[in-house]
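Hi,

Here is the model I promised to pass on.

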Amino acid sequence: MKKFVMAGLAGTVAGIIATTQIAGPLLAQEAESKASVYEQLDLFGDIFERIRAQYVEEVEPEELIEAAIDGMLTSLDPHSSYLSPDDAEQMRVQTRGEFGGLGIEVTQEDGFVKVVSPIDDTPADAAGIEAGDFITHVDGESILGLTLDKAVDLMRGPVGSEIVITVVREGEQEPFDVTIIRDTIKLTAVRARTEGTSVVLRVTTFNDQTFPNLQEGLNEQIEEAGGIEKVNGFVLDLRNNPGGLLTQAIKVSDAFLNEGEIVSTRGRDPSEGERFNATPGDLAEGKPIVVLINGGSASASEIVAGALQDHRRAIVVGTKSFGKGSVQTVMPLRGDGAMRLTTSRYYTPSGRSIQALGVSPDIIVEQPRSTPETEEEDSNRPARSEADLRGSLNNDSLSEDEIRQIEEDRARAEATAELREEDYQLAYAIDILKGLSAFNPNGPSQ
C-alpha cells in the first residue's frame, strides 16, 4: 500500500515541476497572441477609415461592418453566415412552412451556387430544376464570386415576378436559361398515400409541421386500408429533401424506433457533445420500411436515413446522399440580426460521420432518364398470350373466386408496372416490401 501512495506522490510532484517549467513560456505566448489580435483589429480600423474617407463613392458604415462580419463567417465554411434582420425574419418564417421565392435549396461549392434540391410542387420544381444543377447567372448577371447570401438575394423578388436563371448541368454541353415565375412557397411537409398495400410517406422538408404531418398521414392511410394488418410496409421517401430542423429529424427517426441512439453531435469541446435516444413506440408497428434517398437528400434527411439504416430498421434504397454532416446554431444578435454558425458535426448511431461522404444506400438504384421514343415503340407493340390464339382451351380448374383473385393480383402488378414507368425508384421500393411480406405468412395478400 505504501508503494502505491509514494508512486502517487511522485507523480504529483513531477506534475508540479513540469507545470512550473512550461507555465512561463505559455503565458508569454498567450500575451503575444492577444497583442497580435489587437494589432489586427487596429489594422481593420485603419482600412475601415480609409474606405470611408477615400473610396470613389460614398458608402454606408453599417453596410461595411455587415460585409466584414459576413465575410468573416462565410470564410469558415459554406453554411456559416450573418443574417441581417430581414434575412433572420425570413428564416423564421421558412421554418414555419410558408415563404416567397423559387422553391430551391442551394449551397455554395468552389464559388459556384449549387442546387441541393428543388422543393416539391414549387416554381423551380415545375421548371425542371434538378439537384446538382449549378446556377451561374441571374437575369443575365453573373453571380460567380458572390457570397451565397448575396446570390440568394438576387433570386428573391415579389411574388408573380419573372426571373431568368442560367443553369449548368452535368451531361449538358452548354449552359441554358430557365424562366421561373416567383410564387408563395407553401410547404406541405409530408404527403401520404397508398400504393397497393404499401403506404408511401413523402417527406419534403423538416419544419415545425413535419412530425405532426407524418403521424397524421400515416394513421389516415392505415385507417383507410382497414388496419395495420392490411399494410405490408412503409416507404419513407426522403429524395430531394434538403433537411431542416434537427429536432424534427430526431422525432421522425424516433417514430420508427423503440430504443437506441438516434444521433449524436460533437463540437470542438468534447464535454458539450449531445446524444439523442429513441423512446418506446413504433408508428409502423414493426412493419418493414424502405427509405428512399438521392443526391438531393441532405442534413436532417441523412440523420433519419442513417439512424434507421444503422439500427437495421429500414432498407435504404436509391443513390448516395448529399453529405452535409454539420449542425448550425442560429444565435440572435443585437439589432434583430442573427449569426448562423457551424458548431458541431453529427454522427449516426454506429459513430460514423457523413460529412462530405453522405449515406450510402444498401441497394443502389438509379432513376433512369425517360426515353420517349423507346417508350412509344414499346407501348405500340401488341402483347400476345395463349388466350389470344384461335380455338384455345378454357381453364376449367379454377373457381370464379380464384379467377377473380388472380385478376386482382394481376391488376396490382400492372399498377406497379405503370408506377415503374413514372417513378422507377419508388416502384423498386414497393417491390422490396412485397418481397419481404412474401416471407411473412401473416402479412397482407399481394
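The largest cavity has a volume of about 30 Å³. By cavity I mean a set of points on a 1 Å grid over the protein atoms alone where a 1.4 Å probe fits but cannot get out, with lining residues having an atom within 4 Å of a point. Points are joined across faces, edges and corners, and the volume is the space filled by probe spheres set on them. The structure has 1 cavity of 30 Å³ or more. Its lining is made up of Ile 119, Asp 120, Lys 186, Leu 187, Thr 188, Arg 191 and Thr 204. That splits into 2 nonpolar, 2 polar and 3 charged residues (Ala, Val, Leu, Ile, Met, Phe, Trp, Tyr, Cys and Pro count as nonpolar, Asp, Glu, Lys and Arg as charged, and the others, Gly among them, as polar).

Before going on, some ground rules: this is a predicted model, where local features need pLDDT of at least 70 and side-chain atom pairs count only at pLDDT 80 or more, while totals for chains, interfaces and linings use all residues. Residues are numbered from 1 along each chain as its sequence is written, and side-chain values use heavy atoms, with hydrogens and water left out.

Now the salt bridges (a side-chain nitrogen of Lys or Arg within 4 Å of a carboxyl oxygen of Asp or Glu). The count is 16.

Glu 261 and Arg 275 form another salt bridge, with their closest N and O atoms 2.5 Å apart. Glu 261 sits in strand β13 (residues 261-266) and Arg 275 in strand β14 (residues 274-277), so this pair ties together parts that are 14 residues apart in sequence. Strands (E, at least two residues) and helices (H or I, at least four) are DSSP runs, numbered from the N terminus. Glu 261 is buried at 15% relative accessible area, whereas Arg 275 is exposed at 56% (buried is under 20%, exposed over 50%, partly exposed in between, with a 1.4 Å probe and protein chains only).

Asp 310 and Arg 352 also meet in a salt bridge, at 2.8 Å from N to O. Asp 310 is in helix α8 (residues 300-310) and Arg 352 in the loop between β18 and β19 (363-364), so parts 42 residues apart in sequence are tied together.

Cheers

How values were computed
On a 1 Å grid over the protein atoms alone, a cavity is a set of points where a 1.4 Å probe fits but cannot get out, and a pocket is an open set with protein on both sides within 12 Å along at least five of seven lines; lining residues have an atom within 4 Å of a point.
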